[in-house]
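This report looks at a ligand site, a strand and several salt bridges in turn. Please keep the sequence and the model at hand while reading.

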Amino acid sequence: MQHYRIAVIPGDGIGQEVTPVGLEVLEAAAQETGSFQLETESFPWGSDYYLQHGQMMPDNALKTLESFDAIYFGAVGFPTVPDHITLWQLRLAICQGFDQYANVRPSLLLPGVSGPLKNKAPGDIDFVVVRENTEGEYSGAGGRVHRGLPLEMAVQTAIFTRAGVERVIRFAFELARSRPRKRLANVTKSNAQAHAFTLWDEVFDEVARDYADVWTERVLVDAMAARFVLKPESLDVLVASNLFADILTDLGGAISGSLGMAPSGNLNPERRYPSMFEPVHGSAPDIYGKGIANPIAMIWCGAMMLEFLGQREAADLIVGAIHSVTSKGKVLTPDVGGRANTREVTDAILSAVRAH
Ligand code: NAI
Ligand code: MG
């Protein structure tokens with residue numbers, strides 16, 4: 001039997017509510033399939049930890065995490081600590097430190113969920129955004145000078161390396177090739193950002209020659225935003241830079257019914273380091289403590305984690321259980337028009353996992 005060690009970082013806000021229930025579903029899938037065991041260790045890193053220690057996680061955190069098979073991450077950020085500190089010192093430090101360069105973010109309108117778009121049914125929204133996750137606009141290069149003076153200035157530089165662009169594009173082509181429709185959209189803004197994105201487009205065209213079976217197109221990011229709303233059924237796999245894909249995937253979550261349904265995996269495809277699985281949503285301080293956070297994104301992240309670890313059957317079991325609960329349309333949280341709470345949705349999914 002396979003044995004996996006999972007590092008768990010619930011983080012802040014609703015991260016603390018959806019992470020434990022996500023673990024319950026993972027445990028149920030382990031028991032039902034009997035093909036693996038999970039050993040979990042939880043780390044209390046987040047905004048409270050920062051207020052006590054002056055940093056989001058200890059200096060040796062990456063060393064500690066490195067020995068795990070995967071990281072199951074809730075969300076970080078709370079009004080008590082500036083957002084750039086929480087995000088940079090925790091999530092981005094892990095993504096960059098572990099070279100998790102492919103951030104995979106599916107958008108799927110599930111049966112039983114009525115999304116905000118008119119005349120779109122399940123099946124019309126079923127695409128995956130591959131986000132470059134280690135450089136681009138979030139490389140962290142830059143600085144501020146003349147602080148506090150009238151001539152204060154800030155420089156935030158986007159970094160695009162040929163190697164960094166090529167590897168994420170190649171990953172996206174492989175993903176597109178593995179899906180029935182085999183379509184890949186290259187999303188840039190090379191008309192306005194004529195240095196970085198012409199390099200990106202050239203690399204895309206070069207890599208495309210190795211994938212003659214994948215149908216490709218080039219779409220500017222602003223036009224793509226409109227297409228998410230007007231014609232999402234035309235989308236299959238998309239690849240985009242760190243910032244563009246960050247923005248587009250919140251929209252992807254919204255058109256799929258709720259941000260509370262959107263999972264994501266930060267992958268180091270070569271498996272030199274652990275990959276990290278986390279919902280697209282943040283810590284939602286506005287609903288924290290009410291017990292009504294939608295746990296589906298976090299539970300689905302668990303399925304993505306199992307799939308990446310090679311436990312396809314267990315992953316399918318969890319995704320199937322999510323489908324069976326949403327399609328009945330009865331036990332849903334308020335963000336998708338229901339009246340159930342986190343516990344009730346989790347219990348319904350647990351029953352579906354056990355009843356397969
Ligand atoms: P958010 O994603 O936390 O919330 C946006 C809206 O969606 C809110 O109205 C919230 O109630 C709703 N929502 C989000 N997840 C939900 C769920 N599971 N169920 C039901 N409703 C849900 O984004 P926001 O408000 O911009 O950020 C809040 C904090 O989270 C900030 O500190 C931000 O920096 C942080 N954040 C952290 C991320 C991470 O850890 N990966 C990602 C995005 C934001
Ligand atoms: Mg985001």
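An oxygen atom of ligand 1 is found 2.9 Å from a polar backbone atom of Val76, a polar contact in the sense of a pair of N or O atoms within 3.5 Å. Two further contacts of ligand 1 involve Ser283 and Asn294, and the table sets them beside that of Val76.

| Residue | Atom of ligand 1 | Distance |
|---|---|---|
| Val76 | oxygen | 2.9 Å |
| Ser283 | oxygen | 3.1 Å |
| Asn294 | nitrogen | 2.9 Å |

On its own, ligand 1 has 810 Å² of accessible area, of which the protein covers 72%; such areas come from the Shrake-Rupley method with a 1.4 Å probe. The elements that give two or more residues to the shell around the ligand are β3 (70-75) and α4 (83-97), where helices (H or I, at least four residues) and strands (E, at least two) are DSSP runs numbered from the N terminus.

This is a predicted model, in which local features need pLDDT of at least 70 and side-chain atom pairs count only at pLDDT 80 or more, while totals for chains, interfaces and linings use all residues. Residues are numbered from 1 along each chain as its sequence is written, chains are lettered from A and ligands numbered from 1 in the order in which they are written, and side-chain values use heavy atoms, with hydrogens and water left out.

Strand β4 (residues 102-108) has seven of its seven residues buried, so it is largely enclosed by the rest of the structure; buried means under 20% relative accessible area, exposed over 50%, and partly exposed in between (1.4 Å probe, protein chains only). From β4, Ala102, Val104, Pro106 and Leu108 point one way, and Asn103, Arg105 and Ser107 point the other way. Strand β4 pairs in the antiparallel sense with β5 (residues 126-132) over seven bridges and with β11 (residues 265-267) over three bridges, pairing being assigned if DSSP finds at least two bridges between two strands. The bridge partners of Ala102 are Glu132 in β5 and Leu267 in β11.

Arg105 also forms a salt bridge with Asp246, their closest N and O atoms being 3.8 Å apart, where a salt bridge is a side-chain nitrogen of Lys or Arg within 4 Å of a carboxyl oxygen of Asp or Glu. Because Arg105 lies in strand β4 and Asp246 in helix α8 (residues 242-255), the pair ties together parts that are 141 residues apart in sequence. Arg105 counts as buried at 4% relative accessibility, whereas Asp246, at 22%, counts as partly exposed.

Terms used:
A polar contact is a pair of N or O atoms within 3.5 Å; within protein, one must be able to donate a hydrogen and the other to accept it, and residues adjacent in sequence count only if both atoms are side-chain atoms.
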